[in-house]
Every structure is written in C-alpha cells, then in structure tokens.
Number of protein chains: 4
Amino acid sequence: MSRKYRVGILGATGMVGQRFIQLLVDHPQFEVSAVAASDRSQGKNYGEACTWRLSGKMPALVRALPIQAPAPPLDCELVFSSLPGEIARETEASFAAAGYPVISNSSAFRMDEDVPLLIPEVNHAHLGLLEGQKTKYSGRGFIVTNPNCSTIMLALALAPLHAAFGVEATIATTLQALSGAGYPGVASLDILDNVLPYISGEEEKIETETTKILGHFNNSRIELAPMAVSAQCHRVNVADGHMAAVRVKLARKATLDDVRESLRSFRSLPQELGLHSAPAAPIVVRDEQDRPQPKLDRDAGNGMTITVGRLNSDSVLDYRFVVLSHNTIRGAAGAAILNAELLIALGHL
Amino acid sequence: MSRKYRVGILGATGMVGQRFIQLLVDHPQFEVSAVAASDRSQGKNYGEACTWRLSGKMPALVRALPIQAPAPPLDCELVFSSLPGEIARETEASFAAAGYPVISNSSAFRMDEDVPLLIPEVNHAHLGLLEGQKTKYSGRGFIVTNPNCSTIMLALALAPLHAAFGVEATIATTLQALSGAGYPGVASLDILDNVLPYISGEEEKIETETTKILGHFNNSRIELAPMAVSAQCHRVNVADGHMAAVRVKLARKATLDDVRESLRSFRSLPQELGLHSAPAAPIVVRDEQDRPQPKLDRDAGNGMTITVGRLNSDSVLDYRFVVLSHNTIRGAAGAAILNAELLIALGHL
Amino acid sequence: MSRKYRVGILGATGMVGQRFIQLLVDHPQFEVSAVAASDRSQGKNYGEACTWRLSGKMPALVRALPIQAPAPPLDCELVFSSLPGEIARETEASFAAAGYPVISNSSAFRMDEDVPLLIPEVNHAHLGLLEGQKTKYSGRGFIVTNPNCSTIMLALALAPLHAAFGVEATIATTLQALSGAGYPGVASLDILDNVLPYISGEEEKIETETTKILGHFNNSRIELAPMAVSAQCHRVNVADGHMAAVRVKLARKATLDDVRESLRSFRSLPQELGLHSAPAAPIVVRDEQDRPQPKLDRDAGNGMTITVGRLNSDSVLDYRFVVLSHNTIRGAAGAAILNAELLIALGHL
Amino acid sequence: MSRKYRVGILGATGMVGQRFIQLLVDHPQFEVSAVAASDRSQGKNYGEACTWRLSGKMPALVRALPIQAPAPPLDCELVFSSLPGEIARETEASFAAAGYPVISNSSAFRMDEDVPLLIPEVNHAHLGLLEGQKTKYSGRGFIVTNPNCSTIMLALALAPLHAAFGVEATIATTLQALSGAGYPGVASLDILDNVLPYISGEEEKIETETTKILGHFNNSRIELAPMAVSAQCHRVNVADGHMAAVRVKLARKATLDDVRESLRSFRSLPQELGLHSAPAAPIVVRDEQDRPQPKLDRDAGNGMTITVGRLNSDSVLDYRFVVLSHNTIRGAAGAAILNAELLIALGHL
C-alpha cells in the first residue's frame, strides 16, 4: 500500500464533494490530484471557488488545485463522482469510455443491468458484473455505484437478516437530514418548526435499489431479491444523520434474540480484508430505549457504522427497529471510498 | 344554548390546561369558573401562578381565579381534566363519585371497560357505556375520555376506511411535536439537530386505543376491532402538530379513488349537529406532493381538522398516506371540548 | 371610506408580497386589482405561479389574477412595491413617471433627498417632500418609502426619546429573523445550530436611515438628526420577529421612569386619525424580565406594535432596552400599508 | 511530567462535569480518581448514574467510579469543581480547608478579594493572591476560579487591547448557547423559533468580573480596571458556542490595523510554557465578512481558541467586533484545566 492512487473528484464543490476531500486527505491509498465541478467555479482554484461547509478548515492540499470541467482527460487514475443526476450519466460514461474507473455516488447508473450497486459488506459478489463492462469501455474504464443514502442503511441492516432468515417484505419510514439535499438545499423557512413529507425520487430509489443490492448474481446478471419494499420519506430539521423506522417480515422463523444476534455479529469481507474505511462492526445494536439518535450516533465508526436500536417484535410484520446512518459518510462519500478500497483489494484497480 | 355551563379545569396550568382555557374563553356553551392544579401554585391566582405559554395574552377572565387543589368540591358543573397520569385516576374517580361529569384528556381511564374512549365523529355509539357507569358514580357523575394525541388522528383517518372497506392492519410511524411532552418537557439540548426515537408509553397507547375506538358497542361492552396495529414513535423538533406515516391493509377491494373519496367526503354526527367545535370537514385530503406539513396545516379547521396527504398505493400493505393533526387541539383540549359539546347535544349533560 | 382604491403589488410572489396580499385582502380601503413580479411566473395566474408560504390558504380573491410584468400600465390606482433592490429603482421611477403613487418597501429610493422615508407615527411632517416630487413625476405620481425592517423598530423606539430628551448616540445589536432574507433566503444548513454575524448592507442601512427618519424637515429638505448610530447585525434561527439590543445616550437628563413613561405613553397621528392598521399603542413596554421574545410578542397589535423590554440604565451609555418587531408586518408590508392609509387621510391619494 | 495528579471532580454528572471528564481522560498530567455530585446519583457508579450527553461514548475509565458526596475527604490531590452556585461556596471552602487545591468553575468565589479570577493568558500575576489564602486554609488548600463563560471571551479579547491602548469602555451584547444553561436547562418549547433576552445573573457577572480580570495586582490586592462595561445577554438556539458583539472605546489612539495586529499576535505565558491545553494562538482573527459562526468556529484550537471577526471602526465607540468561544471548553472545563496546568508549571501544585 505504499503508493497512492491519484484521484479526481467530480462535483468537488458540493456537500458530498467536500466530504470526499475531507475523507481522502489523509487516506493511505489515495491522493486528490484533480477537482472538477459543473458550476461557475471552473478556472478558479478550489480554495477561492469553494466555501468550505464542513467543520474545521479546508484541507491545505486542495486549496491550490484548479477547478476543471468534469470531462476527460483529468490528471488522475480514477474518479470519484457526486455529480447531480442530470449531468452524471453522460459525464460518467465519458470517463469510463476514456479508460477511467468511475466510483460513483450519483444515481444515474445505479439500476443499469451491468453496473454493480455495491455495498462491500453486502454484495461484493456483484462485482462480477464488471466483466460485462469490459466490452463497453476502453482500457481500465468501468463504473461502480453506491446506493442512495437512505437505501444503504436499509440494505445493510437487512443483509444479515436476509441471509439468515429471508426478508419477504420491509417497510421503511425515513426521517432524513438536511445535508442529503445538498447546499443550499432546503430553505430554512421551510424546515424551522416543520417536517417535509416529500423528498423527490427518494421513495422510488429505496424501493428499487434495495431489491438489486440484496439480489443474487447468477454469473451473468442480478436477480432482484423477491421482496416487497415500501418507503415513506420525510425531511426533518437535522444536519446529518438519516434515520429509518423499519419493519420486516421474515420467511423463516427467528426469535428476537436470533435477529439481534444476526445484526450484532455481522461482519463481512471488508472487515476480513481490513479495508481502511471499514468499521470494526458495520452494525451496532444499542439496547437503550432512546437510541439511535442522529446527534449521538451518526459518527459511530467514523460515520461508517450504522446503529440499530428499538429492536422489537412487531404486531403487523414480524420485527421492527430504528436504524441510523451518517448520510454523507456511510451514505455517500465514505461508501464510495470503501467501494474503491474493495476494488483495490480485489485487484480491480 | 343561551345558558353556559360552569366548568372546572383540572391541571389548568399545564400546556393542555392552557389550551382548555384558550378554547373555552369565548365558547358559547361553557364558562371557566374554577381552575385546579396539583402543583405548588395552589393558593395563588391563576394570573400570578401560571406563565402563559401560548401566543397572545392570558385571557383576562381567568387571571383572578384562585388555583385550587384538584379535589371535589369545585365550583362548577363539570370538569375538564388534563392531569398527569399518576394522579389522574384517583382524582377523576373522586370527581365522578362526587357527581361531576368528568371530560378527561388523561390516559388513566381510557381503556377501562365501562369508559367511552370517544371521538365524536367516530364512535358516538360508545356513549352507551355511560349507562353502566350510573351504578358506580353518584348523581350526574361519569367519566368520558378522549384518545392519546397520536391515536386520535390515526383512528379518525381510519374510521371512514374501516367503515367502508374494513381495516385489517395498520402501520403508523409518528413524528411528534414537542408540546405533546408538556412543559418543560423535552430539553432543548436533546432535540436541537436531533430526533428522539422514543416516547414513553406512546406506542402501546396507539396500538391498544385504536382497536377500542374502532370497536363495536354491542349494547353492553366494546368489542375491540379485529385489526393489527403497529406503531413506532419519534419526537421531532416541531412545536405543534403530530404527523404519522400510515399504511393500511383493507379487507375489501378499494381503488385509490375509493380511498380518497372515502376520506374526503367523511362527515359525521358532530357536523350534522353543528357542534361549535366541529370542523366543517373532519378530514381534508391534499393532493400537493409535499403536504401535510406541521407549520402549514396544523391550524386547519381551527386545529380540529386533520390533514391527509401523499395518499398512494403501497407495495407491502394496500395504501399509504401521511396524516397531520394539531396535537393540543384535536389531539387534546379541543377533543375533550368536542366531546362535551356532543354530550350536551345528546342530553348527557 | 366606502370606495376602495384599486392597488397593484410589485413583487407579489415574494415573502413581503404575500404579506401585502394577506393584509390587504380584507382591508376596508384597498382591493388588490393587479399583481406583478419580475420572475418567471409572468403569464400564469397567481394561484398557479405562487407557492403560498404564510399560514392559512392563499386568499381566493387573488388566485385568478394574472401575474404581469412590473411595468406600467397596470390596472390600479397606486402600487405597493417590494421589488428586489436591483430592479426597484428603475421600475418604481417608471411607475411614478406614469402617474402612479408608489408606496415602496424597497431600499432603492429611501435615502433620496426628495423621498419621504416615512413612519407615520414618527415623521409625517416629511411628507412635505412630496411637493418637490411634483415637478419630477407626472400627474398623481410620487414615491414614498418605508424604512428597512430593523431600522423601523429602532427609529420608532427612539422617536419619543428623541423628542423628549434628545438622542445623542445609539448602539443597536440585532438578532434578525429568517423571513427578512426572503425566500428561499437562508439555507437551513447555514442556520441550524448556528448564528450568522452578517447581513449584507443591513448595518449601513440602520446607521443611515435612522438619522433621516429622526431628522427635521425644514420646509425644503430633511436635516439629518445629529446622532451617532452604531449597528451590528446577526441572523438567528427564528422565522419572524426582529430583535435589537439597544443602548441610548440622551442629551438631556431623564430618569428611568421618565424614559419608560415616554415610551409607554407614545401615541401619534395614526392613532389620532384612527388609521385602520394603526395599533392602539405603537410601543408596548413589558416589565417581565424575559420579554420581549419573538415567538410571544411578534404578533402584538396584529404585528404593528413593537415591544420594548429589559429597560434599564446602562453603564456605558445612559439607558438600554431590547426591542422587538414583526419584520414583515411593521417592518415591511404593514409599514407600507400604514403609509398609504396616512396618505389617504392627509389627502395625498 | 511523568507522574499524574489524581483529581476529583465535583459536579461530575452535569454538562461541565462531563466536559471535565472528556478533557481529562487522556490528559498527560491528570487522572480522574474520584467523582462527586450533589444529586441523587450518589452511591451508584458513574456509568450507571450518568447519562452521557457529549458525542462519543462515556470514557471507560470513569464508568466504574462510585459517585460520592461532594465533601472531603475524596481520594484525590486536587479538585475541579463545577458545582451549582448555591452549594459551591460552602463545599469548595470545606475542600480548601481540608487541604485540597480547588480549581473552580463555579461563581461562588470569583469576586472574593483573595481569590484569583484567572485566565492564564491574561492575569497570571493575580496568582499572587494565593499567598493571602495560606493563613485561611490548611496545608496545600487554596481556591482558584475561572470566569463566567461569556466574560472569559470578552476579557481575553480585551486583554491585548487594554495592554496596548487602554480600554475605557466596552459594550457587549451576547448570543449564548444552550449548553451554558446546563441540562435539562432551557426547555425546547421556549427556544424553538425564539430568542430569550434574559439569562439570570449573566449581565452582572460580565460587568463585574471583567474589571477584576483586567485589574492590576498591586502585591496585596486587585485594583479593578477603571473601565465601564455594559452587557446585554440573550439565549439563542445553538448547542455550543457563545458569541458577543463588542464595541470598545480606547484611551490611546490606535488604527484599525493596530487593533487587528494586537489581537492577532497576542501570545502569553501559557504559550511560552507550552501548557498542554494552551492553544497555539489564544485569539484568531478572521477577515471573512460572515465569521465567526458558532458551528464553524467553536472548535478552533480544540475549543480553547476564541475567534474574532467583523472587526471594524465603530460610529459611537471606537472599534467593534464579534467574538466567539466554546462556552463549555474555553468558557468552563477547559478554562479550569488550563488554570491547573499553569498552577503546576508555576509550582503552586
């Protein structure tokens, strides 16, 4: 691991772009060599063009980088992308076509049949899809995506239950943080003393992506998991940390202790490989009656551990719990970086 | 309606007690003649002892009323009660035993077999239970309760659906306002930039009370509605206005239009009788994709109309929607006052 | 007062524009006959183009009005303007030139030598400036402005003190509400768990406008009041209600009781004339140690009364107090409407 | 520095007590050997009795410590105290009398003539007062206090200006965080969409403590600094980070650059001595027009650096600026710990 991959960041000035930079600046395997953005900041240095919105100061290493247009060539070996949906599809395809591995947080390619929608702890087998991309893109080029910020915590929490007991149906009701809407995102007058019961496209993403992530790779394509998924999404006045109230219906009998133990003991390939961003435990189960809470639990495992609490039997489906995840770390930038670490470890980069 | 009933308020200094006063001060059928509280304010005038926490000024009419102990006799013909749970049971029983009708917002008697858990639009037939109370309490004394602040909006929204199509199961995930916890209630440090996934006793109340409210009075007792109810409750940083994301499973086939029309056209006895606090429509259905919102919709129908939005089919149960209600008006003080108005109209007072 | 003036609203879709409509819809002297906006909403009906952001529903009377470009001619006898600064100057001048009285909340003309910067209770004599506008604009055309939303409460609170004791210097530190920034205005991520110590142009406006408002009209022009004004401005997480902590240095001796009585007893021409929007008392002085508060006091006098509290002697200047005003009513739309009412009463319309 | 002092914490379960523990757990010079609290938690282990309200987990080292009564003897060499005002005076005196050095954050002794009110960067010479305490307390016992959480940032910002130019008068208007009120502290219903213009005792503390801190030790007592101090205090909806808008009048001429440079270059004894908690720069001056902000700047220098911004000339006094400090670190627990580190370095412990 002595040498570092030179990486470019597409959408570098946005909320997720800033998280990429924050998480990569001391990363042992990557160094940020190029930043690109689709907005009017092109031509300026990152330090001039970008207002740093995370705590602490903008990392010195990126201040002097010029902001470039999000188009190949970029001076890097791979790109992390958090471009807005509307331009992501064309741009990411053009990078893959130009031979760049694209590790994307955008929604554009998530449901494409030949694109892995990857959570390293859950469906690393789906990387088998990359074989099919070889004919499509030149050289080292390919596209790997991570799920929507709410889907990722739902799918991660369901993964051990699905493996052990089979999930037939799940109902998720989310309470999502402001940073999920980017910046400037939600107007303060809309959310002060209020809840917004609508997030554009979110319910559809959760309902479709979950079945792909938990689906089976049959050596040629992903067979969607045969489970019903229902999502209702709300925006609440929280800066970071998405929460979901979840019910699950299981195919096979399981006691409450079985369910708790299945979640608590879950470890997977990233933990075995000791990937840099992999938390010791992907899922922490808390037994206090008032956890998880966004303010107290979003930073668990440096934002890469999801926290499950209020686990109990349910009177309509079988079990219920509340799950919380840091939406711009495990739910976005951290997810993509963990994907890249796995790609290195498995020889795809 | 020319003469006014003289009413006493038990728990007059609390959040719901203040709402009682606010709603009663210009009421055509009631005048507040006595205020009682269990705290250290006894002996002082209401104006001295109570910090008014609602908008506007404390009504002049109650300023000079002395705060009395919550025990009979009180100078009034009936009492509205919002006493804390722990002392409500004994106190309310003593008032009923002393011949006072008790219109209670407390939880103490809600699930008692001979006590109506009343929503005038939903289960006015349950007032038949009062016959059974006659042997228990002296003179005019009886106890009528209203549901928990979250239950009331769930049961009211389900009522027309249950009547028309049969509700077999319902799943409610709530996002509840701060005023539901009373004052001082939730500490600001606990809720700023946060969500609390736990409200003591709330999930149990919703799951049990709903089946009683929607149950059938068979001329001697209430047969609980044979439906499964699942509740997960959260506190969010909103002053007033409880919200719930609801899924329902119906016994009989219904199209989305059937469901919408059933909710939208719902009218009941309070509307027919023209009760003072009865809203023109108990349920408003909004079709905008981002409604209901607490800040915008809690005051619909002077806080007595609940607002349903985001009505759609659901991939696990049959239909889903979001419902919002003003938790200290339709969910508490206004609910009790509407109960009292119905009791007058039906000759029980 | 039987006939109503037909009025046009420039900037009708913004936060202040909506307040204009809300306040005018049941006004005895005005009816909204035209709405104009500079944005992309032109050509649509108001009901289609505008998302109503105030509580309650959009008034039915304006739903069907077509949104027009903000340029004369408009079907109205006078215009209320809350256009953004950059286009207000040219637009308002063109309306005045076309013979329309312009009652403006915009900052464009406030400091112009021949334009009254009017608070009816404070400087109605400044309307003498209108004589000078007659040569400039055709027919009935003229421009009258109201002050910045923070200046107005400072100047109104200082007015009786200046008249009685002479204000030599004042220091104001503001805590301003979100609605002052319009919509979408402040991003939620910027203000949650935060304070912003900067509002563009605000400190300058307070420091300059105050001396004009409190200045003397010498029958040809305004002599600025010879007082030093210092302002530091902050944005806090409050929806409506600007607050300022104020110190004053007086030219003549006054006891604390003198100061309190001067504020409390202040009445002026709008009260004598019984103008529709004039509050019974322009200034309320509260003696509780924890008032004023935005949530509790912003609606005093239907938003037209300012509330002063925490009045006390000061160890650096002479006296200090905290003042609060509803920034979009007394501080904007209500201010302009009161100006128009005064103009009618004095025969200028 | 190889050996560690064994320290006791009085008021260990409160907000400041938890900060003490958080800051001491990895401290090179101290180890927490005893925890005491005045509440009902005595007899339980800290881990059982105390709900941890800071981010992250309760440090393992303190979980098993039994909570003792706040009275000597305690198993420790010195005590840090953050007891509530009413019991602090008697308790802290009893510890000093029993031979314990008392490093107190409480207000009880701050203004006592023989007690240093210490900010290590500002008035380390005041430790000369300890000589006078020797006759009062036995053995190693003495009392050293740190200022009120708002005073500390004001006095620290004024210190270099006072030294260089003489501060004749200062006016501070604060916007203070919720954590300053402890837990549960401010009720959420009181602060949501609101500002509270009153904090009990705060204005008096700022006005008196500042003149003592900036006063001169004449080898027998402190001569109060001859400056007028005016404070108006407000509570805003921010978790951590007190802000103050400050004006100053200087005795000697200084340009804006002089003032900026005086603040920016300020270093003092703690920096020279390299004390563990001493920030590299006690004061950071930011030139961006919208800084400091609580959310972005409270953690500067690990919460021990105060941030000054919006520095400019003032039209009433001479200069103005906004200053921000982490109120439970530099303003409380961190202040006391830095005091203790200085006491070690100077041989008082």
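The area buried between chain B and chain D is about 1,200 Å², with carbon and sulfur atoms giving 67% of it; buried area here is the accessible area (1.4 Å probe) that two parts lose on being put together, summed over both. This is a predicted model, in which local features need pLDDT of at least 70 and side-chain atom pairs count only at pLDDT 80 or more, while totals for chains, interfaces and linings use all residues. Residues are numbered from 1 along each chain as its sequence is written, chains are lettered from A and ligands numbered from 1 in the order in which they are written, and side-chain values use heavy atoms, with hydrogens and water left out.

**Where chains B and D meet**

- On each side of this interface, 17 residues take part: 17 of chain B are in contact with 17 of chain D, contact meaning heavy atoms within 4.5 Å.
- S188(B), L189(B) and L192(B) stand out here, supplying 46% of the area that chain B buries against chain D, more than any other three residues.
- The copies meet through the same surface, because 100% of the interface residues of chain B are also interface residues in chain D.

**How the copies are related**

**Helix packing in chain B**

- Helix α1 (residues 15–24) of chain B packs against helix α13 (residues 329–345) of chain B at an angle of about 50 degrees, with axes 9 Å apart.
- A word on terms: helices (H or I, at least four residues) and strands (E, at least two) are DSSP runs, numbered from the N terminus, and axes are lines fitted to C-alpha atoms, for helices over the stretch in contact, with angles from 0 to 180 degrees between N-to-C directions.
- The crossing of α1(B) and α13(B) is right-handed, meaning that the near helix is turned clockwise from the far one by less than a right angle.
- Helix α7 (residues 149–165) and helix α9 (residues 202–213) of chain B have axes that come within 9 Å and cross at roughly 35 degrees.
- This crossing of α7(B) and α9(B) is right-handed as well.
- In α7(B), C149(B), S150(B), T151(B), L154(B), A155(B) and L158(B) meet E202(B), K205(B), I206(B), E209(B), T210(B) and I213(B) in α9(B).

**Backbone points to check by eye**

- Most residues other than glycine have a negative phi, and most peptide bonds are trans.
- P72(C) and P73(C) are joined by a cis peptide bond with omega of about 0 degrees, and P73(C) lies in the loop between β3 (67–68) and β4 (78–81) of chain C.
- Another cis bond runs from Y183(D) to P184(D), with omega near 5 degrees; P184(D) is in the loop between β7 (167–176) and α8 (188–191) of chain D.
- N219(A) is not a glycine, yet has a positive phi of about 75 degrees, and N219(A) lies in the loop between β8 (216–217) and β9 (222–223) of chain A.
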